[in-house]
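Here is a short note for a first reading of this structure. Please keep the sequence and the 3D view open while going through the points.

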Amino acid sequence: MIEENQKYLNRLLALIDAVTAAVSYWLAWYIRFRSTLFSANSFETVSYRTYMSALVFILPVMVILYWSANLYEPNRLRGRRVEIGNVVTANVIGYLVFIVALYLLHQSYWSRTMIFIFFMIDIVLDLVVRFMIWEIMKQMRRNGRFVKNVLLVGYSRAAEEYIDRVLQNPQWGYNIRGILDDRVEAGTQYKSIKVLGRIDNLMIILPENHLDEITITLGLSEYYRLESIVSMCEKSGVHTKFIPDYNNIIPTKPYTEDILGLPVVNIRYVPLSNAFPAMIKRILDILGSLVCLVLFSPVMLVFAVLIKVGSPGPLIYRQERVGLHNKPFMMYKFRSMVVQDERSEKKKWTTRNDPRVTSVGRFMRKLSIDELPQLINVLKGDMSLVGPRPERPYFVEKFQEEIPRYMVKHQVRPGMTGWAQIHGYRGDTSIRKRIDYDLYYIENWTLGLDVKILFLTVFNGFVNKNAY
């Protein structure tokens with residue numbers, strides 16, 4: 001029943017998205033040609049009928065783009081930020097497709113301003129409608145409507161973590177009926193969820209068909225029973241999920257391979273280990289670094305003079321860092337400290353009010369201006385515009401022993417900015433948290449994520465309270 005309701009909801013969402021796009025398109029036409037905002041240049045070179053007839057093509061394309069952005073998938077567990085990002089992505093792609101189509105069709109008289117306004121309005125209206133639907137669904141689920149009844153099979157760490165998340169998010173609409181386990185006594189509770197009995201009780205519970213979902217959360221020592229339990233569940237027709245009890249090893253998005261019918265799960269999925277994504281990223285790094293060098297050359301020239309006037313020593317500071325595949329390289333920075341002994345410097349972490357930092361250096365560090373020479377590192381291929389920040393060999397050896405999975409960050413090129421940096425983890429902050437963000441970036445890399453990080457760096461990365 002719930003699956004059927006989800007299908008109807010998805011169809012309704014597609015219809016709402018089409019109506020929203022049509023309304024946004026008409027509003028964009030009105031604002032461009034009938035409002036006073038563009039009164040100085042409001043003449044129409046294309047008729048109203050021609051503009052509106054384009055909706056025959058625009059609406060299905062928008063629905064297809066929303067579908068390709070997974071906006072019609074069951075979204076109980078999907079966060080709002082993900083949904084917002086998908087809506088924005090679909091509209092940006094739609095805008096680019098529209099512009100390219102007009103160019104290829106030689107339609108130079110169409111108003112590009114109107115098209116831009118259309119997609120901006122569509123993003124806003126669609127998000128407003130989706131926020132309203134989210135709130136309605138949340139309240140309905142809190143009141144017991146569209147709730148999924150779930151039974152857990154196996155008491156384990158995975159079961160406890162699943163229960164924690166479900167209880168913290170009642171808007172998901174999951175009702176955990178209980179747990180079946182052979183090792184834990186019936187009546188045992190974890191946060192009000194009871195162990196109902198032994199796993200063999202599935203033979204009695206499943207035929208009653210009052211469950212919407214079976215979630216298998218067996219402990220590692222009981223995986224030998226997995227095949228028989230899955231077989232029982234599938235015979236009943238109840239939807240079955242499996243939450244492995246080794247999620248601290250396997251990533252949330254495991255990468256699987258098929259070797260002649262034999263499934264292989266990679267412990268770590270690194271999209272940039274594939275040749276095509278790596279090539280695209282490298283091309284963008286080269287183009288982006290060249291553009292940035294041209295744009296920031298006046299700023300770099302000014303601070304080059306200030307550094308030389310401010311304190312004696314070299315203009316560029318070269319420091320050994322560990323990069324892709326654990327290979328060392330020399331990273332360039334504008335010198336922001338007084339000249340010091342290299343052997344003692346390489347083991348010291350910069351702290352707040354560090355006396356080694358010059359007055360010009362402190363200002364440069366606050367705005368990350370001292371990092372600009374790393375654009376040369378990007379051109380050389382030592383670094384990327386976006387990626388985990390590289391560290392000195394001394395600290396790499398230290399953190400390698402202290403922090404699990406620390407060395408995974410060296411499976412991609414280090415970056416001038418990164419996912420951790422835009423979340424405030426730079427300078428003297430938690431290394432463990434930084435690595436968590438770096439691993440998320442490595443496993444979930446997309447070109448869109450790089451663009452997002454570069455955009456947010458302007459607001460969260462360049463100016464940062466933790467940059468000393």
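1. Tyr394 counts as partly exposed because its relative accessibility is 34%. Phe395 has 5% relative accessibility, so Phe395 counts as buried.

2. The model is predicted: local features need pLDDT of at least 70 and side-chain atom pairs count only at pLDDT 80 or more, while totals for chains, interfaces and linings use all residues. Residues are numbered from 1 along each chain as its sequence is written, and side-chain values use heavy atoms, leaving out hydrogens and water.

3. The protein chain contains 16 helices and 12 strands. These are DSSP runs, numbered from the N terminus: helices are H or I with at least four residues, strands are E with at least two. Of the 468 residues of the protein chain, 44% count as buried. The chain exposes about 25900 Å², and carbon and sulfur atoms supply 63% of that area. The areas come from the Shrake-Rupley method with a 1.4 Å probe; for residues, only the protein chains shown count as cover.

4. Contact means heavy atoms within 4.5 Å. Among contacts in the protein chain between residues at least 6 apart in sequence, 70% join residues at least 24 apart.

5. Which residues have the most contacts inside the largest nonpolar core? They are Tyr25, Tyr51, Phe98 and Trp110, in a core of 34 residues. A nonpolar core is a set of buried Ala, Val, Leu, Ile, Met, Phe, Trp, Tyr and Cys residues joined through side-chain atoms within 4.5 Å. The elements that give two or more residues to this core are α1 (2-33), α2 (48-53), α3 (55-68), α4 (80-104) and α5 (112-142). Of these, α5 gives the most, with 10 residues.

6. Leaving out residues up to four places away in sequence, Trp110 touches Tyr25, Val46, Thr50, Tyr51, Ala54, Phe98 and Leu102. A second, separate core has 27 residues, including Phe303, Phe329, Tyr441 and Leu449.

7. The structure holds 18 aromatic pairs. Rings of Phe, Tyr and Trp (its six-membered ring) pair if their centres lie within 6.5 Å; planes under 30 degrees apart count as stacked, over 60 as edge-to-face and the rest as tilted. Phe33 and Tyr51 make a tilted pair, 5.5 Å centre to centre with 40° between the planes. This pair links distant parts of the chain, with Phe33 in helix α1 and Tyr51 in helix α2, 18 residues apart. Both Phe33 and Tyr51 are buried. The rings of Tyr394 and Phe395 have centres 5.2 Å apart and planes at 80°, so this pair is edge-to-face.

8. Is Asn91 buried or exposed? Asn91 is buried, with a relative accessible area of 1%, and lies in helix α4. Its side chain is joined to that of Tyr66 by a polar contact of 2.9 Å. A polar contact is a pair of N or O atoms within 3.5 Å; within protein, one must be able to donate a hydrogen and the other to accept it, and residues adjacent in sequence count only if both atoms are side-chain atoms. Apart from neighbours within four places in sequence, Asn91 is in contact with Met62, Tyr66, Phe119, Asp122 and Ile123.

9. Helix α6 (residues 157-168) has 12 residues and should span 16 Å at 1.5 Å a residue; its end C-alpha atoms are 17 Å apart, which agrees. The expected span is 1.5 Å times one less than the number of residues. At the start of α6, a side-chain oxygen of Ser156 reaches to within 3.3 Å of the backbone nitrogen of Ala158. The buried residues of α6 include Ala158, Tyr162 and Val166. Their cover includes β1 (148-153), β2 (174-180) and β5 (213-216).

10. Two loop residues deserve a look. His106 has a positive phi of about 60° although it is not a glycine, and is found in the loop between α4 and α5. With 69% relative accessibility, His106 counts as exposed. Ser368, also not a glycine, has a positive phi near 60° and lies in the loop between α11 (359-367) and α12 (374-380). Ser368 is buried, with a relative accessible area of 6%.

Key. Buried means under 20% relative accessible area, exposed over 50%, partly exposed in between (1.4 Å probe, protein chains only).
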